[in-house]
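The points go from the whole chain to single residues.

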Amino acid sequence: LKFPAGGLQNGEFSAVFWMNVNPDPNRAGILVMGPEDADNAGYPDVQNLRSSGFRFFREDAGGLQRAKLNVGDGTADTWVDGGTDADIDPAATDWVHYAFTISGTEATVYIDGIAVKTSTFSGIDWTGCDLLSIMSGVPRFTEWGHNSDLSLMDELRIFNKALSPSEIQTIINAES
């Protein structure tokens, strides 16, 4: 799914949702709001400009699936990678609650209400970010194979603020 992103761009941003992870394919985009990468030699099929917007995605981690966030500040990108703390076993887990928050100073990834990684940065830049891709990295985050996700997603909510841990837990409790 792709949607216009203009009304979603603020100095702060959060997304929360439930996902039942399908490990096939072994990597996929989940939520991506990034710019076009017209300077990439493989454009338009290959894109991966990470200096603005964000990319929330999953990748194989030894048979598990690791959630990661990448955020651009206008000049460079910041990785929010919780390593093994961000791994889930799709064979042993049904629905998992994911959340990520972006403020003017940091970005955090949460799994089942637990912060698995926080990284500091200088705030998000939205230059060139005109669409939001849901359950796919296509068209703006494809260089590393983060294409369509065959997982199931439910209860996606997007906020124009960085949610607090207690606000995320309240959402989880209300939807459980």
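1. Overall make-up. The protein chain contains one helix and 12 strands, where helices (H or I, at least four residues) and strands (E, at least two) are DSSP runs numbered from the N terminus. Read from the N terminus, the order is β-β-β-β-β-β-β-β-β-β-β-β-α. The radius of gyration is 15 Å, close to the 16 Å of the globule rule for 176 residues, so the protein chain is as compact as a globular protein of that length. That radius is taken over C-alpha atoms, and the rule is 2.2 Å times the number of residues to the power 0.38.

2. Basis of the note. This is a predicted model, in which local features need pLDDT of at least 70 and side-chain atom pairs count only at pLDDT 80 or more, while totals for chains, interfaces and linings use all residues. Residues are numbered from 1 along each chain as its sequence is written, and side-chain values use heavy atoms, with hydrogens and water left out.

3. Extent and burial. The C-alpha atoms fill a box of roughly 45 × 35 × 25 Å along the principal axes. Of the 176 residues, 48% count as buried; buried means under 20% relative accessible area, exposed over 50%, and partly exposed in between (1.4 Å probe, protein chains only). Among contacts (heavy atoms within 4.5 Å) between residues at least 6 apart in sequence, 66% join residues at least 24 apart.

4. Charges. The protein chain carries 11 positive and 25 negative side chains, and the centres of the two sets are 1 Å apart. Lys and Arg count as positive, Asp and Glu as negative, and His and the chain ends are not counted. The charge is placed at NZ of Lys, CZ of Arg, CG of Asp or CD of Glu.

5. Nonpolar cores. A nonpolar core is a set of buried Ala, Val, Leu, Ile, Met, Phe, Trp, Tyr and Cys residues joined through side-chain atoms within 4.5 Å. The largest has 32 residues, of which Leu31, Phe54, Phe56, Leu69, Tyr98, Phe100 and Ile102 touch the most other members. Elements giving two or more residues to this core include β2 (13–20), β3 (27–33), β8 (95–102) and β11. Apart from it lies another core of eight residues, among them Val16, Tyr110, Ile168 and Ile172.

6. Leu132. This residue belongs to strand β11 (residues 131–134). Leu132 counts as buried because its relative accessibility is 2%. Beyond its neighbours within four places in sequence, its contacts include Leu1, Phe3, Leu31, Phe54 and Ile158.

7. Gln47. Outside the four places on either side in sequence, Gln47 is in contact with residues including Pro35, Asn40, Pro139 and Phe141.

8. Cis peptide bonds. One joins Asp24 and Pro25, with omega about 5°; Pro25 sits in the loop between β2 and β3. The bond from Val138 to Pro139 is also cis, with omega near 5°, and Pro139 is in the loop between β11 and β12 (152–159).

9. Positive phi. Asp112, which is not a glycine, has phi near 50° and lies in the loop between β9 and β10 (114–120). Asp112 counts as partly exposed, at 40% relative accessibility. Met135, also not a glycine, has a positive phi of about 65° and lies in the loop between β11 and β12. Met135 counts as buried, at 13% relative accessibility.
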